[in-house]
Protein chains: 2
Amino acid sequence: MNPDIQTWIDRLRSGDPRALARAISTVENRAPGWSDLLKALFPHTGKARVIGLTGAPGSGKSTLVDQLAKHYRKANQTVGIIAVDPTSPYTGGAILGDRIRMQDHYSDPGIYIRSMATRGALGGLARATADAATVLDASGRDLIMIETVGVGQDEVDIVRLADVTIVILVPGMGDDVQTIKAGIMEIADVFVINKSDREGAERVEREIRAMQSLATRNDHWTPPIVKTVASEGVGTAELAEAIAGYEAYLKKENLVLKKNVENWQERLVEMLRDAMLEKARAHMDGGSLERYAAEIAEHKRDPYSLVEEIVGGAERDAF
Amino acid sequence: MNPDIQTWIDRLRSGDPRALARAISTVENRAPGWSDLLKALFPHTGKARVIGLTGAPGSGKSTLVDQLAKHYRKANQTVGIIAVDPTSPYTGGAILGDRIRMQDHYSDPGIYIRSMATRGALGGLARATADAATVLDASGRDLIMIETVGVGQDEVDIVRLADVTIVILVPGMGDDVQTIKAGIMEIADVFVINKSDREGAERVEREIRAMQSLATRNDHWTPPIVKTVASEGVGTAELAEAIAGYEAYLKKENLVLKKNVENWQERLVEMLRDAMLEKARAHMDGGSLERYAAEIAEHKRDPYSLVEEIVGGAERDAF
């Protein structure tokens, strides 16, 4: 291995926040060396607990994550937070939110916060988040929290790769169980009803229960519902207990490895898809894609035959 | 070409709704023959106007689409509607909504409505919707409307492939311009403020205007804002006019082909990605993926080297 990478990794694992930040940036941007870095870090991973949290904008997600972080810090656990923020570039929400939160935790090196904003690349955010979590894991953080706004497939992909997935609902916000993004309710290992002092909390709870009565999970776990008022710290300890409860259940039922294998199957498919696409692109000489698109737009050829030709060509020529 | 496919296409192009439904199902599910069918249909495409509409749940999207459909029917245009419904399987919203709407238009063969529910496959919904639109286009429909809930990247991908994209906002629903999914505001060619008789309509309009003042579009078009009350048919004619206005602008500025080429570039990348992944999967003998995932979960190998090996192997062996 490159001796520079070894020095870098040693620093990162000794807790140097700059080495950590540089490593996350490297894998996020696929800067030179990203692949070697991840390969070298992988043997050091698998120790951190990874918790995914998702909820609509305004559900108090960040406040809840901060409360949990404080809770775990009291137990002397080190915490890494990845805040995935799909806020429009118009508002700059990611950067602003980051600064406000950094002030709070500035004095505590035991909490590391990193924001990730939506990039243009399809699927790119899920990949970047997974890789950043790998780096944090290798750096020796005890606990990693990944928070995302639960609005799209991207977000589902991001949080379902966590060991424990928490879905945050709030009463009366129009994000009723009926209208919430498909796939979000199904991935919850623990439900949180935040701002539970508001009217309608019981209704949300009833709706979750009704939904749960309709379907059985493969692992036969019934996700508990924890009521919190994150802004006042109410329910944080109960939530941490519920998280630990699910982890204990997975262990007891011998499901930890099984869940891990399933997660890796999905990640492998995504990684292969990306890698193969890069190959296909390389196979097309510069400018080909645009030329092909123009021929299709002008109806000079059909896209379905073209894709078969390119993939077939890649096959024949070994790219 | 297979003579059966030719008979099928003849029927479809003569307006037979069963031939149309069967063709959409075939491409949606990638049933045998889907690729030959699309290849044979492609030369008949490119004539329909494709309009994409997106808005949050409860924004009155379907009602607006129905009003537009009636408007275009009065001008003797045939209409195809693809309603992409990411409602959770728990609620069965897609099917229910379809039935209710079908009753309304049952007597008019000039309107064809098709629902598409979210599937598990990543990116699969955008692909299936694009292919269904291709079939509708080839069937001779004058106008195709694609409606989706504007909540995620999937939806952005779906509607941005339309010729004209409409983003529907409503006052006071918590989907303020500030909190709406990134990428949604940017893709609007026309804004609709529906339920504009509610308090707060002016505020939404001001917010859109403020956002517009921050950025210039590549095509230098300023998306108009149309106020509607779809439940009462208010503003439908104005919306149709705004749509026609953008189409006329694209024509006048010679941007029609350019936009088409850009759209096809993006679709080609997606199609290639999927096709290459299928090749990669075929390259791995049955069960390999799970075995590899298990080896990674047990930390016996790292996923980054593995992906390089598989892609490299595909290269060496020509798959």
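Which residues in α2(A) meet which residues in α3(A)? A:A23, A:T26 and A:V27 of α2(A) meet A:W34, A:L37 and A:L38 of α3(A).

## The model and its confidence

This is a predicted model, in which local features need pLDDT of at least 70 and side-chain atom pairs count only at pLDDT 80 or more, while totals for chains, interfaces and linings use all residues. Residues are numbered from 1 along each chain as its sequence is written, and chains are lettered from A and ligands numbered from 1 in the order in which they are written.

The model has an ipTM of 0.76 and a pTM of 0.66. The pLDDT, which is the predictor's confidence in each residue from 0 to 100, averages 82 in chain A, where 80% of the residues score at least 70. Over residues 88-96 of chain A, pLDDT stays under 50. For that stretch the model has twelve contacts beyond four places in sequence; two residues are in contact if their C-beta atoms, placed from the backbone, lie within 7 Å.

## Chain A as a whole

Chain A contains twelve helices and seven strands. Helices (H or I, at least four residues) and strands (E, at least two) are DSSP runs, numbered from the N terminus.

Of the 319 residues in chain A, 45% are buried. A residue is buried if 20 or more other C-beta atoms lie within 10 Å of its own, exposed if 12 or fewer, and partly exposed in between, with C-beta atoms placed from the backbone. Among the contacts in chain A with a separation of 6 or more, 74% join residues 24 or more positions apart.

## Helices α2 and α3 of chain A

Helix α2 (residues 17-28) and helix α3 (residues 34-41) of chain A have axes that come within 9 Å and cross at roughly 120 degrees. Axes are lines fitted to C-alpha atoms, for helices over the stretch in contact, and angles run from 0 to 180 degrees between N-to-C directions. α2(A) and α3(A) are therefore oblique to each other: angles under 35 degrees count as roughly parallel, over 145 as roughly antiparallel, 65 to 115 as roughly perpendicular and the rest as oblique. The crossing of α2(A) past α3(A) is left-handed, a term for a near helix turned anticlockwise from the far one by less than a right angle (right-handed if clockwise).

One of the residues of α3 in chain A is A:W34. A:W34 counts as partly exposed because it has 17 C-beta neighbours inside 10 Å. Apart from neighbours within four places in sequence, A:W34 is in contact with A:T26 and A:V27. A:W34 and A:I24 are ten residues apart along the chain, and their C-alpha atoms are separated by 9.2 Å.

A:L53 has its place in strand β1 (residues 49-55) of chain A. Because 27 other C-beta atoms lie within 10 Å, A:L53 is buried. Neighbours within four places in sequence aside, the contacts of A:L53 include A:K61, A:L64 and A:V65, as well as A:M145. A:M145 is 92 residues from A:L53 in sequence, yet the two are 7.2 Å apart in space, C-alpha to C-alpha.

A:K61, A:L64 and A:V65 are among the buried residues in α4(A). At 1.5 Å a residue, the 14 residues of helix α4 (residues 61-74) of chain A should span 20 Å, and the end C-alpha atoms are 20 Å apart, which agrees. The expected span is 1.5 Å times one less than the number of residues in the helix. α4(A) is followed by A:N76, which has a positive phi near 65 degrees.

## Features of chain B

In chain B, the axes of helix α4 (residues 61-74) and helix α9 (residues 236-252) come within 10 Å and cross at roughly 75 degrees. α4(B) and α9(B) are therefore roughly perpendicular to each other. B:Q67, B:L68 and B:H71 of α4(B) make the contact with B:T236, B:A237, B:L239 and B:A240 of α9(B).

B:N76 lies in the loop between α4 and β2 (79-85) of chain B. B:N76 is a residue other than glycine with a positive phi, near 65 degrees, and is exposed, with 8 other C-beta atoms within 10 Å. B:R30, in the loop between α2 (17-28) and α3 (34-41) of chain B, has a positive phi of about 50 degrees although it is not a glycine. B:R30 counts as partly exposed, with 13 C-beta neighbours inside 10 Å.
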